[in-house]
Structures are given as structure tokens and as C-alpha cells.
Amino acid sequence: MRYRMTFAAGLAIGYVLGSRAGRERYEQIKRTAQRVADNPRVQEIAGVVGAQTAKIAGVARERVGDTLQRRIPFLGDHKPETGTGWPEEDLMDKEAHETGMPR
């Protein structure tokens with residue numbers, strides 16, 4: 001209960017101080033944040049971090065996929081269906097080649 005009261009008091013104090021700061025302070029913070037975001041150095045760092053994150057995510061996805069395929073065998077053999085209801089083109093070509101007659 002004590003923590004809830006402390007949290008509520010902090011919330012109330014923050015609200016009062018924030019409302020006193022008003023729109024000017026909000027606009028100042030917004031301008032500063034925009035300048036930081038537009039800085040070429042910050043954008044370069046963000047690009048590097050994004051590329052590294054994508055690389056790490058790809059490795060993680062590959063490892064998880066390999067682990068799942070070992071533990072759940074049918075995941076590795078599954079081919080996505082086209083959803084058209086028609087036989088696959090390569091299967092039709094294979095049958096036509098084996099029999100010598102087009103389908």
C-alpha cells in the first residue's frame with residue numbers, strides 16, 4: 001500500500017509540474033528531439049544499429065528454425081501450397097516427360 005501511495009504522489013507531482021511547464025517547454029523538448037533525430041551522425045548510428053539488429057535477428061531466426069526442424073520433423077519437409085487447387089507445374093512436366101504424352 002505504501003508503494004501505491006508513493007507512486008500516486010509522484011504521479012500527481014509530475015502532473016502539476018508538467019502542467020506548469022506548459023506548452024513552451026513541450027515545444028522546446030520537441031525541437032531539441034527533432035534536431036537530434038535530424039543529425040546526420042545520429043542517423044548514421046541508427047542505420048548501423050538497424051543493420052546489426054537485422055543481422056542478429058536473421059541468425060537467431062536461422063538457429064530457432066534449425067532447432068524446430070530437428071525437434072518437429074514435419075516442419076522441414078513442408079512445401080507451401082499455391083492454394084489454387086491445381087497440380088504443381090513441375091509435377092505436370094515430370095509426368096509428361098516420363099510418359100511422353102502431354103497432360
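**Close-ups of an all-helix prediction**

**View 1. Helix H2 end to end.** H2 runs for 32 residues and covers 46 Å from its first C-alpha to its last, close to the 46 Å expected at 1.5 Å a residue. Keep in mind that this is a predicted model. The helix takes in residues 40–71.

**View 2. The whole chain, for context.** Here we've got four helices and zero strands, so the pattern along the sequence reads α-α-α-α. As for burial, 0% of the 103 residues count as buried.

**View 3. Where H2 gets going.** Zoom in on the start of H2 and look at Asn-39: one of its side-chain oxygens comes to within 2.9 Å of the backbone nitrogen of Arg-41.

**View 4. Arg-41 again, this time with Glu-44.** These two side chains make a salt bridge, and their closest N and O atoms sit 3.8 Å apart. That falls inside the cut-off, because a side-chain nitrogen of Arg has to be within 4 Å of a carboxyl oxygen of Glu. Why can such a pair form at all? Oppositely charged side chains can pair up when their charged atoms come close. In this case Glu-44 and Arg-41 are three residues apart in H2, so about one helical turn lies between them. Glu-44 itself is partly exposed, at 48% relative accessibility. Search the whole structure and you'll find one salt bridge.

Definitions and conventions
Residues are numbered from 1 along each chain as its sequence is written. This is a predicted model: local features need pLDDT of at least 70, side-chain atom pairs count only at pLDDT 80 or more; totals for chains, interfaces and linings use all residues. Side-chain values use heavy atoms; hydrogens and water are left out. Helices (H or I, at least four residues) and strands (E, at least two) are DSSP runs, numbered from the N terminus. Buried means under 20% relative accessible area, exposed over 50%, partly exposed in between (1.4 Å probe, protein chains only). The expected span of a helix is 1.5 Å times one less than its number of residues. A polar contact is a pair of N or O atoms within 3.5 Å; within protein, one must be able to donate a hydrogen and the other to accept it, and residues adjacent in sequence count only if both atoms are side-chain atoms.
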